[in-house]
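Here are my notes on the model, in the order I would look at it with you.

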Amino acid sequence: MSSPAHGRQRPLTAVAMSGGLDSSVTAWLLAEKGEACIGLSMLLWDHSGEATHGRCCGALDLGDAQRVARQAGIPHYTLRMDEEFRSHVVDPFVNDYLAGRTPSPCVNCNTWLKFDLLLERARALGADSVATGHYARILEGPDGLELHTALDPDKDQSYYLFELTANQLAAARFPLGEMTKGQVRTLAREVGLVVAEKAESMEVCFVSGSIQEFVEGQVADHPDRFGSLPTTAPAEAVRTDGQALGPSSSPYFRYTVGQRRGVGIGGGEKLYVIGVQPEANQVTLGSQDELLAPGLLGERLHWIGQPPTADPEHGGVRLTVKIRSHHPGVAATVDKAGEESGEGLVAVRFDEPQRGIAPGQAAVFYRGTRVLGGCWIRSAL
Amino acid sequence: MPLSVTSHKVDSVAMNALYFDNNATTPLDRRVAEAMRPWMWEEHGNPASIHQFGRAAREAVEVARTAVARLIGAAAPEIVFNSSGTEAMNAVFWSVGSIAEFKGHVIFSAFEHPAAQASADRLESFGMEVTRIPPGNDGVVPAEAVIAALRPDTKLVSLMLANNELGTLQPVSKVAATCRPLGVPVLTDAVQAVGKVAVDVEQLGVDFLILGGHKFHGPVGSAALWIRKGTPFESWMIGGSQERHRRSGTLNVPAIVGLGRAAELALEELPHRIRQLGAIRDRFEAGLSRIPDARIHCRDAPRLPHTSHIAFLGAEGESLTIRLDLAGYAVSTGAACSSGVVEPSRTLLAIGLSAAEALASIRVSFGITNHEEEVDPFLAVLSESVAALRAVAPLASTSTSAVD
């Protein structure tokens, strides 16, 4: 009568299951190999009242995760983590907008939530690793485990994982890293997973309408956490040389760097948002070329393994940096920035000027396919 | 996307698993299923119809009504069939409120089922005054506190017969003995008690009693509200005037037949069941002394024979529940609400436990399909799981689970 898992010595893997295609195939693959697995879903955000099917973390998706787990023959549990998600992902997202930055919530969610909190929960359940449906690879290098891009360059998600530590890598598994999205979907169809035809999830999974309305709605609904909206007046638009262009159409927090449409300043010239100044409720506009910057100032520097050695010829570490998730990458030199290096401040100097350095986004460092680490963009240089 | 269940494999933990979560629901008794079967297959009449199909269905319903009435010492016409304890709870609160034109006062215990809590909140929002009486640290609501809260305009007192989480029995008859002469109706939610202990409406002296079939091996979706003869009642569910105008809607004959058969079996077998459940639970609780720092909540209070609620300080209850599930044992973290409570159980806080103790608690509720020999292997796994959890983790947050 006794317990199949009782006395089990086999390592147990917890698969993080969102109910989407990728994590579903991940669970199926590991179960199919005969590994001991459990599926864990995180209840992150209350979408009640929204039509949420096909969006990350909605109740219906958790139902899909459950059904896939049944198909794969593994036990599945839903863990409630909405408080943690709110405090570590959603609130910083809102605060970033209010501070005139362009947030990158998926980095926080992927590293902190999945490989910190969920890993801790998984260990309490007796699991020693967390598998996810990320398109990225973990390879054994000469000095230990290394994070690498996925073989499918179109789907590579290594950008979102740059804040992982070596210890987290040792407990992480990305079974899809060697596969293409097409192969994953084909496999799901072949084995008949109920999510085989499901669409891709969106980038900001907890926002269903416009981001700006979401941000304003959160502030309005939760004055205890956000106070009141700093202003409702339209931001003053200025050129980079200080020339006043008059009021724009919206308050500053509705603008992000690199944005072109919706500024409400007429005239023949195409104007882009070059900078957002919350204190002055001001937005700086300029031509596309004025978006170009020779580098960026980064904070909260993180190296996954040992920090790479500087190249004396260039005065810093040579590597390739991606300044947003779909950026192709540019060769650059990374060096500590002044005396503030104690806070992890770094200057990243590009070999070629880049457009749209958005404060709040991550700058992720690569060497070949390997992810070395990264930092968070404080400003353009 | 296919809508059918396309299970390719059996969940690897489902095999040989033992079910110790009988307060959540109980397995359907095979004899009950057999009684229901013709009513899902060969027979199909509407009990309201004149013809022979209708007559046959009507007779089956009335046989069931008699069986349910006998189980609680009531008269058959006083039984109103419905779909769930939650429905019955809504019905009583609604009736009392609407007859009082939503004026006046109601009393209920602070650890009633969520259906009562939400109903009381609703009456409050409609303008009635509500007094919530907290349980003592022994898991029992003091009858004196309920009685002291009575007012000339009190329209209802609601006190559950047994608490779903702790299993503690409540002084319903004592409260009712004071309320009846004053003309204050008393409702008791007996969902967890019926089929586990002897229940008699006359002995209790209440005016409304609620029972649910799936807590004593009847089908889910079968329940009954007992309304003492002569008690004013106004139905919130109106329509075809079934159940003597007290619950409209075509009768669910298979469920009612199942409820009736389950009631019949519970009455016949009750002394045996109480002995069996008590023996299993006592052996389990005796064995808990081998696990360091295991605290049985409300151990000295009058309790249902099959429920144990235990804290293992330093071992997070939800993780423990999952570990036990992986090892093939189904228990519960208590009764969290499906709409989501991140907080520790209100019931546990109400009896004076700290949040840490509450979050480190699990509920084990044995059933008649369990055997004494299952206890010792379970204790071994439990002991091992508690030790493993105490070794790893600080308390993590709770998750959702379904309400009982």
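Predicted model: local features only at pLDDT ≥ 70, side-chain atom pairs only at ≥ 80, totals over all residues.

1. From α1(B) come B:Arg31, B:Val32, B:Ala35, B:Met36, B:Trp39 and B:Met40. They meet B:Val253, B:Pro254, B:Val257, B:Gly258, B:Arg261, B:Ala262 and B:Leu265 in α8(B). Sorted by class, this contact holds 10 nonpolar residues, 1 polar residue and 2 charged residues.

2. Helix α8 of chain B has another partner to look at. Its axis and that of helix α12 (residues 375-392) of chain B come within 10 Å, crossing at roughly 35 degrees. This crossing, of α8(B) and α12(B), is right-handed. On the α8(B) side the contact is made by B:Ile280, B:Arg283, B:Phe284 and B:Gly287, and on the α12(B) side by B:Val375, B:Asp376 and B:Leu379. The class count for α8(B) with α12(B) is 4 nonpolar, 1 polar and 2 charged residues.

3. Now for chain B as a whole. Its secondary structure comes to 12 helices and 12 strands. The radius of gyration of chain B is 22 Å, close to the 22 Å that the globule rule gives for 404 residues, so chain B is as compact as a globular protein of that length. Along the principal axes, the C-alpha trace of chain B spans about 65 × 55 × 50 Å.

4. In chain B, 27 residues of domain 1 are in contact with 28 residues of domain 2. On the domain 1 side, the elements giving two or more residues are α8, β10 (307-312) and α10 (346-350) of chain B. Of these, α10(B) gives the most, with 3 residues. The residues on that side of domain 1 of chain B divide into 12 nonpolar, 11 polar and 4 charged.

5. Turning to chain A, the division is into domain 1 (12-191), domain 2 (230-286) and domain 3 (292-380). The C-alpha centres of domain 2 of chain A and domain 3 of chain A lie 27 Å apart.

6. Last, a helix pair in chain A. Helix α1 (residues 21-32) of chain A packs with helix α6 (residues 181-191) of chain A at about 60 degrees, with the axes 10 Å apart. Here α1(A) passes α6(A) in a left-handed crossing. The contact is made by A:Leu21, A:Asp22, A:Ser24, A:Val25 and A:Trp28 of α1(A) together with A:Val184, A:Arg185, A:Leu187, A:Ala188 and A:Val191 of α6(A). By class, the contact of α1(A) with α6(A) has 7 nonpolar residues, 1 polar residue and 2 charged residues.

How values were computed
Residues numbered from 1 in each chain as written. Chains lettered and ligands numbered in written order. Contact = placed C-beta atoms within 7 Å. Helix = DSSP H or I, 4+ residues; strand = E, 2+ residues; numbered from the N terminus. Nonpolar A, V, L, I, M, F, W, Y, C, P; charged D, E, K, R; others polar. Domains from an automatic or database assignment. Axes fitted to C-alpha atoms, helices over the stretch in contact; angles between N-to-C directions. Left-handed = near helix turned anticlockwise from the far one by under 90°. Rg over C-alpha atoms; globule rule 2.2 N^0.38 Å.
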